[in-house]
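Dear colleague,

I am handing over the structure that we talked about, and below it I have set down what was found. Please read the text with the structure open beside it.

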Amino acid sequence: MSSLPRPWLVIAALSSGVMGCATLGGAQGKDLVTLRYAWPEQSTIRVMHTVDVRTDWSGRQTAQRRYSMRLGPADEEGRRRLVFQDVEIIEAPFPAFVEPLSASIIDAQGDFQGIDPLEDGPGKDLLDALPVSPMKKAQMAKALSNGLEREARNRWDEWVGSWHGARFKPGRTQVVPMTMSVGTGRKKTEDVPAEERVRLDVGVPCSDAVPEPRCVKLKLVREPVGQTDEAKGRYAHEELELVTDPATLLPYSSRVIRMDRVDWNGGRGEPDFHEAVHVEQHTFIHGVEGPPGQVAAVQPVSTSRR
């Protein structure tokens, strides 16, 4: 499954630093909610992952899979492996949806540090089955490894990595200027001025199975500056809605929506607008028992945030 642009780091960085400090030290500081990473060791979570893509040129496609994920014990440097197992593909019209889920390395602060080497994971089986030259196989291995790491980083940052240490005032919308990639033609994009709006609500039921109102809901919306819902021409909208436990950042649900309306003629001649909507949902079930995890055993990679 091709990855949507999901750098949920702009407003999170500001919320953990500049914006948070702007409200600390006074009476308002008491109202701030700080999101903390504290996943318990050996915690096992069952995940339902669905993708729903609708376009006006190819109709609707949906994909579903289930799997378990488990965060193992820490090594001597505090790193832990988040491993994925018991993957069940229910529906997979997208070829990339059946790609393996690589084990992620997470440090003690909750930051993503990389993935297991490809030769230690299920991706090697895919490459070994291909009748290609050693040189071509090496090129494909590098591309697959980079893609799997990008997906793993996006996934972790969406759930945890972008938010640990972030501070929000409940019910208040924070707005941050940024740029956003929007379509200018069938296969072209450009970066335009945009803004992120984020709001945290507290006292939210964690899920239907866990109705206690002890979770928070974080909603982030990203749109080009000046765009309205009534816009008739080019349109772009991206949002994230995360329901999580603020004391641990154990997620209960995560949903990403991307909507686009693009002129395939690129502004040349009569406009030919086409629309697409991409919805990706993860639903988490906690309290699942699992076997002990393995200690992380790879070296960390650069954690420069992109």
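Two strands are said to pair if DSSP finds at least two bridges between them, and the helices (H or I, at least four residues) and strands (E, at least two) are DSSP runs that are numbered from the N terminus. With that in place, Thr244 stands opposite Pro251 in S12. Before going further, please keep in mind that this is a predicted model, in which local features need pLDDT of at least 70 and side-chain atom pairs count only at pLDDT 80 or more, while totals for chains, interfaces and linings use all residues. Residues are numbered from 1 along each chain as its sequence is written, and the side-chain values use heavy atoms, with hydrogens and water left out.

The sheet

An open sheet is formed by 11 strands in the order S6-S5-S4-S3-S2-S13-S12-S11-S10-S9-S8, with antiparallel pairing. At its edges stand strand S6 (112-115) and strand S8 (174-183), each with a single partner strand, so one side of each is left without a neighbour in the sheet. From one strand to the next the twist averages 20°, where axes are lines fitted to C-alpha atoms (for helices over the stretch in contact) and angles run from 0 to 180 degrees between N-to-C directions.

Strand S11 (residues 235-244) is joined to S12 by 10 bridges, and the two run antiparallel. They form a hairpin with six residues between them, and in the turn Leu249 has a positive phi of about 60°. On to the next neighbour, S12 and S13 pair in the antiparallel sense over 11 bridges, and the bridge partner of Val256 in S13 is Glu280. Of the 13 residues of strand S12 (residues 251-263), 11 are buried, so this strand is largely enclosed by the rest of the structure; buried means under 20% relative accessible area, exposed over 50%, and partly exposed in between (1.4 Å probe, protein chains only). Elsewhere in the sheet, strand S9 (residues 189-204) and strand S10 (residues 215-224) run antiparallel and are joined by nine bridges, with Glu196 opposite Arg222 in S10.

The helix across it

Helix H4 lies across strand S3 (59-71), strand S4 (80-91), strand S5 (104-106), S6, S11, S12 and S13, and runs at about 150° to S6; contact here means heavy atoms within 4.5 Å. Asn146 lies in this helix and, at 41% relative accessibility, counts as partly exposed. Between Asn146 and Ile115 there are 31 residues of separation in sequence and 9.7 Å in space, C-alpha to C-alpha.

The aromatic pairs

The structure holds five aromatic pairs, where rings of Phe, Tyr and Trp (its six-membered ring) pair if their centres lie within 6.5 Å, and planes under 30 degrees apart count as stacked, over 60 as edge-to-face and the rest as tilted. One of them is the edge-to-face pair of Tyr37 and Trp156, at 6.0 Å centre to centre with 80° between the planes. Tyr37 lies in the loop between strand S1 (33-34) and strand S2 (44-55) and Trp156 in helix H4 (residues 134-161), so the pair ties together parts that are 119 residues apart in sequence. Both Tyr37 and Trp156 are buried, and together with Trp39 they form one aromatic cluster.

The ring centres of Trp159 and Phe284 are 5.0 Å apart and their planes are at 90°, so this pair is edge-to-face. Trp159 lies in helix H4 and Phe284 in strand S13 (residues 273-286), so the pair ties together parts that are 125 residues apart in sequence. Trp159 is buried, with a relative accessible area of 0%, and Phe284 is buried at 3%.

With best regards
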